[in-house]
Amino acid sequence: MKLSTGFWQTYKEVPADAEIPSHQLMVRAGLIHKMGSGLYSYLPFGYRSIRKVEQIIREELDKAGCHEILMSMVTPGELWQESGRWDAMGDQMLKVKDKGGRDLCLSPTNEEAVTDIFRKTIKSYKNLPVTLYQINTKFRDELRPRFGLMRGREFTMKDGYSFHIDKDSLDEVYDRIFKAYEAIFTRAGLEFSAVEADAGAMADSDQKTHEFQVIANTGEDEVIYCNETGYAANIEKAQTKRGKLQFDLSASEVTRVETPNMGTIESVCDFLKVPKEQSIKSLVYKSTIGDEEETVLVLLLGDDSLNEIKLNAFLKADNLRPATDSEMLSEGFTKGYIGPHKLSAKAKIIFDSAVNLDAYYCAGANEENAHYKGINPKRDVESFEVADLRLAMKGDLTLDEKGVVDIRRGIEVGHIFQLGDKYTKAMGTTVLDSNGKAMNPLMGCYGIGVTRVVAAAVEQHHDDKGIVWPMALAPYHVYFAEITKSAENKELAEKIYNEILEANIEVVFDDRKAGPGFKFKDADLLGLPLQLVFGERDFKKDGMLEIRIRKTGESLKVKPEDVVSKLQELIKG
């Protein structure tokens with residue numbers, strides 16, 4: 001492509017609403033154009049990278065035995081009403097009515113739509129398993145769209161769905177798709193980690209689910225990992241053990257202590273001169289299952305934090321939220337001084353599994369300005385349950401105690417789930433098994449944020465000059481800057497450009513009437529892997545062109561007749 005006739009504009013200024021490097025650089029390098037809040041148009045260079053991601057996905061999924069389809073972006077509301085998600089999706093789903101008054105929505109995901117296709121097509125176990133996928137536009141009406149393509153309202157997504165007669169088949173295909181995802185992100189040139197994840201509202205908590213996280217300092221997610229054991233999980237899902245703790249195991253009686261204006265763990269522990277792990281943190285939550293609401297008292301070590309996702313999964317709640325101050329007051333909880341001993345308020349009591357039930361702790365006395373010392377859970381709390389509820393943290397041990405975990409940040413670019421029969425059962429979808437009996441097939445779900453992959457690549461690969469594209473996702477492989485005045489050298493530059501094209505090398509020819517400084521800044525900002533420079537002054541000296549490697553800054557000299565072969569060598573790596 002010749003830039004003199006191309007459609008491209010770069011910008012010096014950083015957009016005011018661009019908070020992270022990928023958003024800033026994709027706008028400045030002319031890859032995307034903001035249309036509105038969370039809405040972007042993909043410009044020529046940006047769209048080429050998106051299409052490269054799509055092609056890698058297609059090749060790997062086709063090898064894995066998947067079949068590509070294309071579903072309508074607009075979905076009938078009746079399908080969502082069948083599954084029960086019409087109301088459950090809330091205001092993230094943009095709903096409209098057509099001229100006939102029928103409910104429609106802009107698809108945020110397509111479990112219902114693909115299940116409808118399946119139930120009208122497949123009737124027997126003999127046609128299973130089958131895996132369908134599409135690459136299509138999605139719309140989610142995010143309350144706070146931000147970070148450019150990272151969290152936009154409209155985006156391109158690959159969503160895939162598999163159907164199975166039994167769990168063994170689901171596991172086999174799930175593992176095959178897992179390997180395909182590893183191949184996709186490896187080919188894309190990304191540093192990533194596959195981590196255990198929480199299925200959220202997508203599936204039951206006992207089903208397999210993994211996220212694929214691109215490692216980046218500005219990632220929204222925290223990933224727990226251990227180099228010694230290879231364990232990795234989203235912090236919301238991670239199961240770890242506390243390191244060695246100093247529990248108070250000396251038998252003692254419960255004693256009441258005046259703690260005026262000490263409603264925090266820090267202030268109480270400082271006053272009593274005890275470490276935080278010898279105190280109990282008390283949190284009050286409201287859990288709703290169906291039409292029933294229950295009050296829950298969660299008890300953690302004083303220096304731990306609650307993982308609400310773990311609590312929600314343990315309770316199997318439809319909705320979970322912290323109790324309000326007025327609710328706690330009306331039910332008899334004294335905020336800042338809540339504890340499990342002599343609790344008058346009615347609540348389900350759950351101790352986190354990190355709490356040593358044989359040890360002695362300080363905790364609220366359920367009256368203002370007072371705490372108890374010497375509380376022993378086994379002795380002093382009548383009825384309780386135990387569950388892993390704490391948020392994993394740096395310095396924890398793996399469950400097998402063979403390694404210490406650390407935390408790094410990541411960008412979720414892919415997520416795979418085992419859905420079980422959640423959607424097929426809700427939508428009355430059956431096939432005949434080998435005994436001729438109707439059964440609800442099991443499903444898997446496999447997503448990749450295509451546009452997010454491109455943004456994550458920029459987030460991971462950039463420097464203070466601009467983008468540093470991995471070869472596989474770069475819009476073009478070569479930026480060819482021609483800096484000449486004589487007609488003879490301009491003709492030679494044109495000849496070299498045509499030779500590069502004939503060799504099927506993706507090249508941008510910067511033949512614009514601009515100075516070398518302007519061209520070099522644009523070249524670094526766009527960040528194509530290789531920069532070929534035909535500088536007339538240097539060419540007169542040695543008859544050579546220069547190849548600069550964007551990632552390393554390395555510079556090579558090459559004769560005109562060797563340009564194509566050298567570029568091919570560098571592109572192949």
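## Close-up views of a predicted model

**View 1. Aspartate 304 and arginine 390 are both buried in this predicted model.** Their side chains meet in a salt bridge, with N and O 3.0 Å apart. This pair links distant parts of the chain, 86 residues apart: aspartate 304 sits in the loop between strand E16 (292–301) and helix H8 (308–315), while arginine 390 sits in the loop between strand E21 (385–387) and strand E22 (397–398).

**View 2. Arginine 390 also forms a salt bridge with aspartate 396.** Here the closest N and O atoms are 2.9 Å apart. How accessible are these two residues? Arginine 390 has a relative accessibility of 3%, so it counts as buried, and aspartate 396 is buried too, at 2%.

**View 3. Glutamate 59 and arginine 187 join their side chains in a salt bridge of 2.7 Å, N to O.** Glutamate 59 belongs to helix H2 (residues 44–63) and arginine 187 to helix H6 (residues 167–187), so the pair ties together parts 128 residues apart in sequence. Glutamate 59 is partly exposed, at 32% relative accessible area, and arginine 187 is partly exposed as well, at 36%.

**View 4. Strands E14, E20 and E19 line up, in that order, as an open antiparallel sheet.** Strand E14 (255–258) and strand E19 (361–364) are the edges, each pairing on one side only. On average, neighbouring strands are turned by 30° against each other, direction ignored. E14 pairs with strand E20 (residues 370–375) over 4 bridges, and valine 257 has histidine 371 in E20 as its bridge partner. Helix H7 (residues 265–272) lies across all of E14, E19 and E20, at about 105° to E14.

Technical notes. Residues numbered from 1 in each chain as written. Predicted model: local features only at pLDDT ≥ 70, side-chain atom pairs only at ≥ 80, totals over all residues. Heavy atoms only, no water. Pairing = 2+ DSSP bridges. Helix = DSSP H or I, 4+ residues; strand = E, 2+ residues; numbered from the N terminus. Axes fitted to C-alpha atoms, helices over the stretch in contact; angles between N-to-C directions. Contact = heavy atoms within 4.5 Å. Salt bridge = Lys/Arg side-chain N within 4 Å of Asp/Glu carboxyl O. Buried < 20%, exposed > 50% of the residue type's maximum accessible area, 1.4 Å probe, protein only.
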